[in-house]
Amino acid sequence: MIRRQRLVAGVCGLLAALTAGIAVPTGAVADETEQAAPKVELVLDVSGSMRTRDIDGGTRMAAAKQAFNEVLDATPQEVRLGIRTLGANYRGNDRKEGCKDTARLYPVGPLNRTDAKTAVATLAPTGWTPIGPALLKAADDLNGGAGTRRIVLISDGEDTCQPLDPCEVAREIAAKGIGLTIDTLGLVPDAKTRDQLSCIADATGGTYTSVQHKEELSDRVGQLVDRAADPVVTPVAAEGADRCEQAPSLKSGLYTDRAEFGRQRWYKVAVEPGQELRASVSVADDRAVAPHYGLLLRAVTVHGREIVRGEAAGTGRTDVLSTGLRYPRPESDDDAPAETVCLQVTHSFAAAAGVKTTPGLPLELTVDVVDGPSGHHDVAAFGLGRGWWLLGALVLIGFLAGLLWGWLSRWRVAVWRTN
């Protein structure tokens, strides 16, 4: 009797340990790196049209001031915030002078809410709408250092300082590879204003929002400022070459480049025996393009032999096209050197008539070199793959549970007969 009870207890302990081992995976300790302080600059249109009274019975300027005050109260402590104006100071009719009218109202840095609100309170609708020059100055305000950088542009009209096209300015900012995003908000916009602000946002991977009420404006600006505080991976600028021999060597990470029309971009990655190369690329059409296009990512040897490829095609229904590939390098018995794998990126986007082709389209390349699968790992075995481990554990548990149930039943029967 005692022997049976000890055996039952031992089996129960084994089951408990096995269950705990399956249910509780080994914890992984992540390296915590200190994030650089995010920077945001609010760029406000203070041109004469902001006097218009069409937002909830008040002026557009009043709605913007209320939104700024609410956002300043709710700005996260870690965010470095600044304010820049356009069209706030020059009241004359000289277009040349009016297109220089952009000023830093509050410098980007630790936020003093009282000082920032006092500065906003002094604003009055005045002059022109130099969006392009204001964006260039705002990019300079945010330049330097790491961390998230975001411009939030609030305007109610088109830029009045052509031929400096603000959409082209945004593309030039994005082409610098400094990881700066421009979000735009249009106050009661017409079709032309909407198109221009959308183009500015698209060029840098930002968002455009049409606003017609004060609450919408406050909520949206607050969301964008909060978003800057979210931890993100900032892409590293990498300039691809025309040939593999001249291509930059990349390690695991996220990279940004410009894919010119009709040209290939080459990059190099070193892959050791037993490692797996995983790469993906995305190209965004930040301007009007022909409706049919494709994207090709190839991994080839230094001698030009293709290893693997990834392809994608689009028909104008999306503004981003992506594809990827995987290359597992087999283990080697000898001390084989690292293999240089050349990544070729080619797209077939075609600019629409009259659209500038420079700079190239925004390209984002992800490279990940990891320890490759060993043996049959990651390979479907009878359609189960890693599920074999779970199936084996369940079979073992079922077997032990059945064995335990049988012993308990026999013990109960023996006790019943004894009694």
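The model is predicted: local features are taken at pLDDT of at least 70 and side-chain atom pairs only at pLDDT 80 or more, whereas totals for chains, interfaces and linings use all residues. Residues are numbered from 1 along each chain as its sequence is written, and side-chain values use heavy atoms, with hydrogens and water left out.

**Stop 1: the backbone exceptions**

Most residues other than glycine have a negative phi, and most peptide bonds are trans.

Begin with T358 and P359, where the connecting peptide bond is cis, with omega near -10°. P359 is in the loop between β17 (339-347) and β18 (361-371); helices (H or I, at least four residues) and strands (E, at least two) are DSSP runs, numbered from the N terminus.

Next select D56, a residue other than glycine with a positive phi near 55°. D56 belongs to the loop between β2 (53-55) and β3 (58-59). Its relative accessible area is 43%, so D56 is partly exposed. Here buried means under 20% relative accessible area, exposed over 50%, and partly exposed in between (1.4 Å probe, protein chains only).

Then move to V188, which is not a glycine and has a positive phi of about 45°. V188 sits in the loop between β7 (180-187) and α7 (191-203). V188 is partly exposed as well, at 26% relative accessibility.

**Stop 2: salt bridges**

Side chains of opposite charge can pair when their charged atoms come close. The structure holds 20 salt bridges, each being a side-chain nitrogen of Lys or Arg within 4 Å of a carboxyl oxygen of Asp or Glu.

Select D141 and R84, whose side chains form a salt bridge at 2.8 Å, N to O. This pair links distant parts of the chain, with D141 in helix α5 (residues 131-142) and R84 in strand β4 (residues 80-86), 57 residues apart. Both D141 and R84 are buried.

Which separation along helix α6 lies between R171 and E168? The two are 3 residues apart in α6 (residues 166-175), which means that about one helical turn separates them. R171 counts as buried at 5% relative accessibility, and E168 is buried with a relative accessible area of 12%.

Now select E311 and R309, where the salt bridge spans 3.4 Å, N to O. E311 is exposed at 56% relative accessibility, while R309 is partly exposed at 38%. To end this stop, select E168, R171, R258, D286 and R287 together: salt bridges that share partners join these residues into one network.

**Stop 3: the α5 and α6 packing**

Display α5 and α6 with their axes, which come within 8 Å and cross at roughly 20°. The axes are lines fitted to C-alpha atoms, for helices over the stretch in contact, and angles run from 0 to 180 degrees between N-to-C directions. The two helices are therefore roughly parallel to each other, a label for angles under 35 degrees. The contact (heavy atoms within 4.5 Å) is made by I131, G132, L135, L136 and A139 of α5 and by P166, V169 and I173 of α6.

**Stop 4: strand β13 and its partners**

Select β13 (residues 275-284), in which 7 of the 10 residues are buried, so the strand is largely enclosed by the rest of the structure. β13 runs antiparallel to β18, joined by 9 bridges; two strands pair if DSSP finds at least two bridges between them. Within this pairing, V283 has L363 of β18 as its bridge partner. β13 is also antiparallel to β16 (residues 320-328), again with 9 bridges, and S280 stands opposite G324 of β16.

**Stop 5: an open sheet**

Finally, colour the open sheet of 5 strands in the order β10-β12-β17-β14-β15, whose pairing is mixed. Which strands stand at the edges? They are β10 (249-250) and β15 (306-314); each has a single partner strand, so one side of each is left without a neighbour in the sheet. Select L250 to locate its bridge partner in β12, V269.

Conventions:
Angles under 35 degrees count as roughly parallel, over 145 as roughly antiparallel, 65 to 115 as roughly perpendicular and the rest as oblique.
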